[in-house]
Amino acid sequence: TFVGSHSGYQLTGGSNNTALGRSSLVSITSGTANVAVGVSAGGTLTTQDEMVFIGYQAGAAVNNDNSDGMVAIGYQAGQAATQNQQYSVFVGKQSGHNVTTGTHNTYLGYYAGALLGHADADNNVFVGAAAGASGDYTTANNTSNNNVGIGKSAMGGGTADTVFEADNNVAIGYESLKSILSGGNNVAVGSGAGIAMTDNASNVA
């Protein structure tokens, strides 16, 4: 089902796709069971399957079979994602906004995990506005993986243009581990817990 100017424009062999909005799924050729709602949502998909994009330019750059099962919901959610986003979930305005690659990530909230663009930035869970949003604006430099950050700006307030490569941390609470950039194996629970840590390791706060 295609509704909107140029939606599903190049489809030749795919099935069970649904697109609503101008240029949504415009490049799809043989992909199956995809849903795209919004202008240019899923606009570069060609052969991918079982993906959901809802919102203006959500998942607009994805075009790699290793991204099957990705979900992006919200204005420009996962907008820059191009490949290897398999089973990642981005929900919220600009969540995962500048992410290009990385798998099994879950980002919920405005700008959550927005700069984690390295192929090794996998298995993160960030929930809350700007949670996990630290990092260099050259997003491929940011390698953080296996983190959990829950709360506004949890693990999400590091110095701009500084590489974000923290691994295996748990931060729960408003601005918990807000400044962390390269530390690992820390646990911080509570509002502002561990807020000044940058490269510390193996702490409980």
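Let me begin with Val187, which is partly exposed, at a relative accessible area of 34%; buried means under 20%, exposed over 50%, and partly exposed in between, with a 1.4 Å probe and protein chains only. What we are looking at is a predicted model, in which local features need pLDDT of at least 70 and side-chain atom pairs count only at pLDDT 80 or more, while totals for chains, interfaces and linings use all residues. Residues are numbered from 1 along each chain as its sequence is written, and side-chain values use heavy atoms, with hydrogens and water left out.

Val187 lies in strand S11; strands are DSSP runs of E with at least two residues, numbered from the N terminus. Together with Ile150, Ile172, Val189 and Val204, Val187 makes a nonpolar surface patch of about 420 Å². Such a patch joins nonpolar side chains (Val, Leu, Ile, Met, Phe, Trp, Tyr) within 5 Å, from residues with over 30% relative accessible area and no salt bridge. The areas come from the Shrake-Rupley method with a 1.4 Å probe.

I turn to the sheet. Its 11 strands run in the order S1 to S11, open and with parallel pairing; two strands pair if DSSP finds at least two bridges between them. Strand S1 (2-3) and strand S11 (187-189) are the edges, each pairing on one side only. Between S9 (residues 148-150) and S10 (residues 170-172) there are three bridges, in the parallel sense. Ile150 stands opposite Ile172 in S10.

The largest nonpolar core has 32 residues, of which Phe53, Met70 and Met155 touch the most other members. A core is a set of buried Ala, Val, Leu, Ile, Met, Phe, Trp, Tyr and Cys residues joined through side-chain atoms within 4.5 Å. Another core, of five residues, lies apart from it and includes Ala114, Leu115, Ala130 and Ala133.

Which residue occupies the loop between strand S2 (18-20) and strand S3 (35-37)? Ser23 is found there, and is buried at 18% relative accessible area. Beyond its neighbours within four places in sequence, Ser23 is in contact (heavy atoms within 4.5 Å) with Ser5, His6, Ser7, Ser40, Ala41 and Gly43.

Finally, the charged side chains. How many salt bridges are there? The count is one, where the rule requires a side-chain nitrogen of Lys or Arg within 4 Å of a carboxyl oxygen of Asp or Glu. Glu175 forms a salt bridge with Lys178, the closest N and O atoms being 3.1 Å apart. Glu175 is buried at 14% relative accessible area, whereas Lys178 is partly exposed at 24%.

Definitions and conventions
Helices (H or I, at least four residues) and strands (E, at least two) are DSSP runs, numbered from the N terminus. Patches are made of residues with over 30% relative accessible area and no salt bridge: like charges are joined within 9 Å, nonpolar side chains (Val, Leu, Ile, Met, Phe, Trp, Tyr) within 5 Å.
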